Amino acid sequence: MKTALKMLAAGKFLAAASLTASLGFAPSAEAYTVYISNEKDNTISIIDSTTLEVTDTIAVGQRPRGILLTNDGKYLLICASDDDTVQVFDVETKQVVRELPSGPDPELFVLHPSGNPLYIANEDDNLVTVVDIVDNKVLAEIPVGVEPEGMGISPDGKVLVNTSETTNMAHFIDTETNEIFDNLLVDSRPRFAEFNKDGEKLWVTSEIGGTVAVIDAKTRKMITKISFEVPGVQPEAIQPVGLRVTKDGSRAFVALGPSNRVAVINGETHEVEKYLLVGQRVWQLAFTPDEKMLFTSNGVSNDISVIDTEKLRVIKSIGVGRFPWGVAISQE
Amino acid sequence: MTTPPTEQEVRGLSLTGYLHCLRGIVWREALRFLQQRERFIAALVRPLVWLFIFAAGFRSVLGVSIIPPYETYVLYEVYVTPGLVAMIQLFNGMQSSLSMVYDREMGNMRTLLVSPFPRWFLLTSKLMAGVAVSLLQVAVFLAITWFWEVEPPLWGYLAVIPALILSGLMLGALGMLLSSGIKQLENFAGIMNFVIFPMFFASSALYPLWRMKETSPLLYEICLLNPFTYVVELIRFALYGQLNLEALAVVAGFTILFLGGAIFAYNPSKGLIARRGGPGGK
């Protein structure tokens with residue numbers, strides 16, 4: 001009798017969970033494909049944006065981190081950091097078709113707006129490697145500060161910005177000459193750089209400094225520095241990493257690392273509007289092309305969270321592989 | 001040839017008569033409610049104190065696990081709200097049974113029970129009146145929590161109504177059953193302590209059961225045997241537009257059990273009242 005009771009008890013809530021029917025809807029009507037790199041599992045998780053379910057998990061190179069889609073949407077480029085290469089993944093056949101010469105330990109990269117070349121941050125070598133993705137060759141190596149990581153490129157493709165984690169600088173690189181023409185000191189451990197679509201502003205996140213620098217892209221002067229305060233969260237847990245700005249520049253979303261929050265920033269006033277609770281150690285972010293949803297990779301809780309950007313609400317968290325790192329979303 | 005008149009026709013009980021009776025009982029409860037505005041405010045202050053003060057200190061208590069019906073991480077305020085809604089109903093159920101003890105002491109109960117309508121109908125009507133009051137309290141509470149960023153989907157607010165009616169009936173019937181065994185108002189405070197607090201704390205109202213399990217497997221099993229856990233879960237799932245069939249079955253089962261028990265206990269010739277020497281306990 002007692003065992004039966006125990007069995008009943010154990011099965012109870014599982015049964016309750018399975019008997020429930022969810023009526024939630026994803027805000028985007030369009031079906032996009034979401035790619036997540038799982039740093040520890042060496043896999044890519046593929047998610048359907050309408051059902052918000054993992055449809056496939058595919059093994060790729062060692063320690064996949066930064067990922068992005070080529071402009072034609074045919075290939076997913078993957079920084080396989082421990083394989084010292086950038087892999088080219090065919091999204092149709094779901095196979096790695098070739099590798100790009102990336103230099104050692106590639107972590108994050110950015111594609112020129114025209115679709116080529118690719119600019120890769122080589123964390124261990126203090127270099128930015130410029131790679132022609134069509135001809136499969138290195139065009140240039142640009143020496144930058146110590147531990148380069150964040151990569152941003154102006155919408156006209158003329159200015160490349162690299163942030164170096166130890167030098168605490170944003171380096172401005174002329175893409176014609178592949179040389180640094182200006183530097184700006186920012187707060188400790190800058191990790192990510194992103195331009196507004198109109199090219200007027202540059203956003204740089206500082207992980208240890210706990211701030212986001214908003215920089216005038218033309219004069220390369222600091223406009224303001226945004227700091228964060230989450231009720232009930234230790235200040236040192238607030239570590240801004242990934243950042244995305246809407247196309248119209250009205251809002252920026254910042255992943256705040258171990259504080260498990262995404263901050264919503266007003267693009268005009270630079271005030272924090274809201275903090276959204278997501279999974280643990282939120283790292284990188286990506287919008288769907290219609291910008292109705294924002295996907296976050298939560299490194300420690302091994303899941304991703306989906307944010308409804310109109311209602312500013314987290315609608316779902318989906319389990320993926322271990323240590324999800326990068327997020328990329330198809331254009332159609 | 002004429003058919004023999006049914007018992008109802010003999011006693012002159014038509015459907016209109018039933019409705020009239022129901023209206024009378026509900027109206028009396030409504031009047032009592034309107035006369036006691038402090039009671040309404042007190043019923044709101046209690047869960048709001050929990051929400052604003054207690055929950056504020058426990059923001060990170062839920063840790064990393066996502067439990068149904070939630071699809072993502074939730075703040076503690078969001079988790080605790082269905083439990084506080086159930087708490088409103090628990091207090092309301094006990095309060096209305098408190099009023100039955102009062103009625104019995106004052107003799108109003110005798111007036112009610114000598115009515116020609118069947119006892120089950122009279123008692124159920126009284127319960128419905130109590131549930132209606134609790135629905136009003138819950139509605140105001142949920143409206144306030146909405147501003148505290150507890151924002152279930154809009155259709156969840158509709159889906160929760162049937163769940164609240166059922167859970168209100170269950171808790172009201174429990175109170176009624178308890179009240180039948182109480183001689184005097186003074187004893188009721190003890191029952192409040194022995195029933196309300198254990199029921200509320202040993203349930204999923206304040207913490208998810210997986211967390212209870214981590215701390216104490218015994219406590220976890222106690223929580224699983226506590227019908228209040230299922231009240232909380234029924235409300236929690238309904239508030240997010242989902243049906244927890246297990247909770248529904250348990251709550252419905254206990255409603256029937258408690259209500260049956262109360263109807264039996266309030267039988268002047270058979271129930272506990274008879275053994276205690278009639279209404280008023282004299």
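Guide: A crossing of two helices is left-handed if the near helix is turned anticlockwise from the far one by less than a right angle, and right-handed if clockwise. Helices here are DSSP runs of H or I with at least four residues, strands are runs of E with at least two, and both are numbered from the N terminus. This is a predicted model, in which local features need pLDDT of at least 70, side-chain atom pairs count only at pLDDT 80 or more, and totals for chains, interfaces and linings use all residues. Residues are numbered from 1 along each chain as its sequence is written, while chains are lettered from A and ligands numbered from 1 in the order in which they are written.

The part to look at is in chain B, which has 13 helices and zero strands. Two residues are in contact if their C-beta atoms, placed from the backbone, lie within 7 Å. Among the contacts in chain B with a separation of 6 or more, 78% come from residues 24 or more positions apart.

Two packed helices are described by the angle between their axes and the distance between the axes. Axes are lines fitted to C-alpha atoms, for helices over the stretch in contact, and angles run from 0 to 180 degrees between N-to-C directions. The pair here is α6(B), residues 119-147, and α7(B), residues 154-180; their axes come within 8 Å and cross at roughly 130°. The helix α6(B) is therefore oblique to α7(B) (under 35 degrees is roughly parallel, over 145 roughly antiparallel, 65 to 115 roughly perpendicular and the rest oblique). The crossing of α6(B) with α7(B) is right-handed.

On the α6(B) side, the residues that meet α7(B) include L123(B), L127(B), G130(B), V131(B) and S134(B). Facing them in α7(B) are residues including Y157(B), L164(B), I165(B), G168(B) and G172(B). By class, this contact has twelve nonpolar, four polar and no charged residues (Ala, Val, Leu, Ile, Met, Phe, Trp, Tyr, Cys and Pro are nonpolar, Asp, Glu, Lys and Arg charged, and the others, Gly among them, polar).

Elsewhere in chain B, a cis peptide bond joins P68(B) and P69(B), with omega about 5°. P69(B) lies in the loop between α3 (37-54) and α4 (76-106) of chain B.
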